[in-house]
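Trainee: Could we go through this one slowly? I'd like to know where the labels come from.

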Amino acid sequence: MYNNMRKKLLILAAILTTVSVGAFAQARKGLRINEVMVVNENNFVDDYGQRSAWIELFNSNFAPLEISSVFITNDPADPTKYPVPLGDVNTRIPKRQHIVFWADGKPSRGTFHTNFVLNPEQPNWIGVYDADGRTLIDSITVPPMPYNSTFARKVDGEGVSALDWEVRSGEEGSIITPSSNNVIKDTNKKVDNFARLDGNGFGMTLSAMGIVFTALLLLSTCFYIISRIGAARSQRKKMVAHGINPAEIARTDKPEGDSGEVIAAIAMALNEHLNAHDLESAILTIHKVRKPYSPWSSHIYTLRQMPHK
Amino acid sequence: MGEFGTFLVENLTQFWHLTGFYNATWQHLVMLAVGLFFIWLAIKKDFEPMLLVPIGFGILIGNVPFNTTAGLEIGIYEEGSVLNILYNGVSAGWYPPLIFLGIGAMTDFTALIANPKLMLVGAAAQFGIFGAYMVALALGFMPDQAGAIAIIGGADGPTAIFLSSKLAPNLMGAIAVSAYSYMALVPVIQPPIMRLLTTKHERLIKMKPARAVAQSEKIIFPIVGMLLTCFVVPSGLPLLGMLFFGNLLRECGVTNRLAKTASNALTDIVTILLGMTVGASTQASTFLTKETIFIFALGFMAFIIASASGVLFVKLFNLFLPQQKKLNPLIGNAGVSAVPMSARISNNLGLEYDPSNYLLMHAMGPNVAGVIGSAVAAGVLLGFLA
């Protein structure tokens, strides 16, 4: 009873751990600092008509992400500096979308105005911490920037080092994109590349068929090995049960030849030849009937109770 | 009375403008005829009735003419309409994985586990997909559209719907109808190809009976199968994951009720919804185009290439096999994943030439390998082009 309970608790704990770790891995970890403007002279304007520094966050997940209760900070010693307030419907970022926070030091202006400002004179470290205030989700050190320029990821949400970032001036080919993709895609690059470089489809056919064959060959090989191991194990078990030395028999016996048909034919031939049996009036078949219990199939739970008079 | 009369006439005129009679075009009539033809094929000729009746009736539903500007919210493409809600399973691609769950719960992989080399026949038949892909490119389709059309060669309706919903949603109706039509026509399309590509001597090859497969192997198969194939092609996860999950429910022996539900009630429900909404999505305005004709032609060609490449691959394979282990090339056509119809065709043709040569169980190997192969191919196309 105690063991049974312990087993159930262990399974439950394992499931909970897997689910919670998985959920964390897929959710908050996908939040990225995507683009930062430190000195905003004539760029993006907030809902008060003011210009100030801004920090763009990007949800790199393919699912919506709720960011209320995460912390944004410009001080590694104070990771919980600006908690994103709870209860604002706009803190739910749709999949692969952006949200902009104004680093104007005026949190009274709403959810998206932080309680700190960025310093144009020196590098600004910016970090995003999870709701526990300890787990760093993402951080970047923004170098001193020219006016109206941003420090942005080359590709939205991608990269782990400062090399994956670049300074953008707002000129042609160096666009500033608050609340929008850093890379503007007007076509599907993969499709374009296939159309351009593999116009007759030969490359696709070759590589795709290669993958299909590899996948099924792997599966086939794997099951060939499993069936060999299975056959050898069952043969050994059979021999051990009959008190035979497996090593001795393995030299003479070939289990793969023992198909049901062959065994049946040998048995019939022996029966005919030796007349080994008496007259048998019936065939006895033993068929094991299993009825696994489940509360879902239990009559006690699923049948209607007779009403009491 | 004069004003009242005018009011009545205006109302009746407005109502007349809403009716199907007023809004009908020749395209609607053509599509209604197609729907009736499908229903006739299913009922009179017994061609895949479980698919063609829902699709055929869906075509009727989708092509009843109505005034699309009246804001009636009844059309399948009008957001919030009942049909549109049901169609979400197709457009968002979640019906096909549910069908795959049912297929997994229905399918006995014993023949494949007993003779794992038959998996390669299922792989070879996927040449049909990529042959059609090349021709589709030559006809001017973009690679993503070509991939979505070519998957018809996998002979797998749910896979075709899943992939086209991702790669070319605008062509999905034509692709789905084409895939299901040719699946229904497998008994007509495949036998001539099989006869053409095999000699009488080859058709008489008797294959060794498959070995007995232990229950533990049947349980390991879906687990290892899912992990291996999805590690190679993660984009095939929705289809392959559900296929192998369904099979585990069937084989593990402790979830019989779940397996029964997945293979019966759930599959039936999803088949009804899938068939009907796919049919309804073939509205005349989007369906009767030059592209649809190309799609049907390409689908037909893909089926022929797939069947032929399966047969030819077995012949090639035989060159490397010892005499007593040779495969009958008539099982090669079963590499397309029309389960179990194409395996049944192998069996029937084998019996035609030798009444004691039962090929059904041997053909089931490549047949179920074809299901896995086409799902892997769909995953590859999705990974390359999405």
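Predicted model: local features only at pLDDT ≥ 70, side-chain atom pairs only at ≥ 80, totals over all residues.

Trainee: What makes a stretch of chain B count as one of its helices?

Mentor: A helix is a DSSP run of H or I with at least four residues, and a strand is a run of E with at least two. On that basis, chain B has 21 helices and zero strands.

Trainee: Why does the radius of gyration of chain B agree with a compact globule?

Mentor: The radius is taken over C-alpha atoms, and the globule rule is 2.2 Å times the number of residues to the power 0.38. For 386 residues the rule gives a value near 21 Å, and chain B has 23 Å, so the two agree.

Trainee: What makes a residue "buried", and how much of chain B is?

Mentor: Buried means 20 or more other C-beta atoms, placed from the backbone, within 10 Å of its own; exposed means 12 or fewer, and partly exposed is in between. Buried residues make up 54% of the 386 in chain B.

Trainee: How do you know which residues of chain B are in contact with chain A?

Mentor: Two residues are in contact if their C-beta atoms, placed from the backbone, lie within 7 Å. By that test, 41 residues of chain B touch 35 of chain A. Elements giving two or more residues to that side of chain B include helix H15 (215-232) and helix H21 (360-385).

Methods:
Residues numbered from 1 in each chain as written. Chains lettered and ligands numbered in written order.
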